[in-house]
Amino acid sequence: MAFFHRAPRTPVPQEGRTGILLLNLGTPDDTGYRAVRRYLKEFLSDQRVIEASPLIWQPILQGVVLSVRPFRSGEAYARIWDKTHNASPLRVYTRAQAEALQTRLGKETPVAWGMRYGRPSVSDAVDELMDRGCDRIICLPLYPQYSATTTATANDQFFRSLMKLRRQPAVHTIPPFPDHPAYIKALENSVRDRLADLPFRPQRIIASFHGLPEQYVEAGDYYPQDCERTIVALRKALDLRDEQMPVTYQSRFGPTEWVKPYTAPFVEALPAQGITRIAVIMPGFMADCIETLDEIGNELRHAFMNAGGEEFALIPCLNDSKDAIDVIETLAVQAMKGWAT
């Protein structure tokens, strides 16, 4: 009988270090058809994201979706691509967040970053931390609000990487942080700074979160409640009434009902109500990406202006700002206190 094993890794002494693993969604390697198709295939094959039976969904995905959507998505990525780094903004900012956190924590606390879909993979990031002497890993999915489609699938991938290891590290996963004081303070600062730079005063600040199918919520996903926790805390910090910062949901995909109200129809209807000057914040994203820069910054802006809007401002995500690193560092340090050093 033959037995087949994964090729052994070069033994690395356990040095008792705690490593920090930052996880984000992912991105294609470039804007071309093949790269985008490869990324979308992995993303849309995840049963945490598309819960339909693979027997039904996979023929649709492998047929019309992956034949058509890579062209459209590639054009969108091209509009926001960071040409200086030849990478998507999400990759640029996630890497910058990891590097800044590494500077804050020092070399004795290694930091790595990985993507749930695409590169660098979660397994590669885990290997990097173990090669740097980590026998404990704190996993921090960069999703402020919980959803099975984001936090859970990122943790799933992290656990899968551990299943392949003969020498596993001890692990700690950081929970979502929808109304953590450090996160709300960072959002407050971001809003105040952006509004101070605007040549106009917005009549509304629209809070747009990534959408989620209603059936996922009915099945127990509490993502909308986490979104509400974020906005209740942020409104209080900014001293805003509910109507001054309404909540909407973007990025609907497919024919099913998603959590409402949908961002685009909501915003397009505002000029008819006399609301012609708005700003939009996306508190569900720690870093700007295709959903914030193109879907909101380009598509929604054009739709609003075409509907009679006069002024439209995008409030950037926290990205690699000092406030962003303050949030990540606070979460990491709090988690490390759970382990004796």
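I looked up Val64 and found it exposed, with a relative accessible area of 54%; exposed means over 50%, buried under 20%, and partly exposed in between (1.4 Å probe, protein chains only). The model is predicted: local features need pLDDT of at least 70, side-chain atom pairs count only at pLDDT 80 or more, and totals for chains, interfaces and linings use all residues. Residues are numbered from 1 along each chain as its sequence is written, and side-chain values use heavy atoms, with hydrogens and water left out.

Val64 lies in helix α2 (helices are DSSP runs of H or I, at least four residues, numbered from the N terminus).

Next I looked up Ser88. I found Ser88 in the loop between α2 (54-80) and α3 (89-105). Ser88 is buried, at a relative accessible area of 2%. Neighbours within four places in sequence aside, I noted Thr27 and Trp81 in contact with Ser88 (heavy atoms within 4.5 Å).

Then I searched the whole structure for disulfides and found 0 (a disulfide is a pair of cysteine sulfur atoms within 2.5 Å). Cys139 is in no disulfide, and the nearest cysteine sulfur, in Cys134, is 13 Å away. Cys139 is buried, with a relative accessible area of 0%.

Methods: Helices (H or I, at least four residues) and strands (E, at least two) are DSSP runs, numbered from the N terminus.
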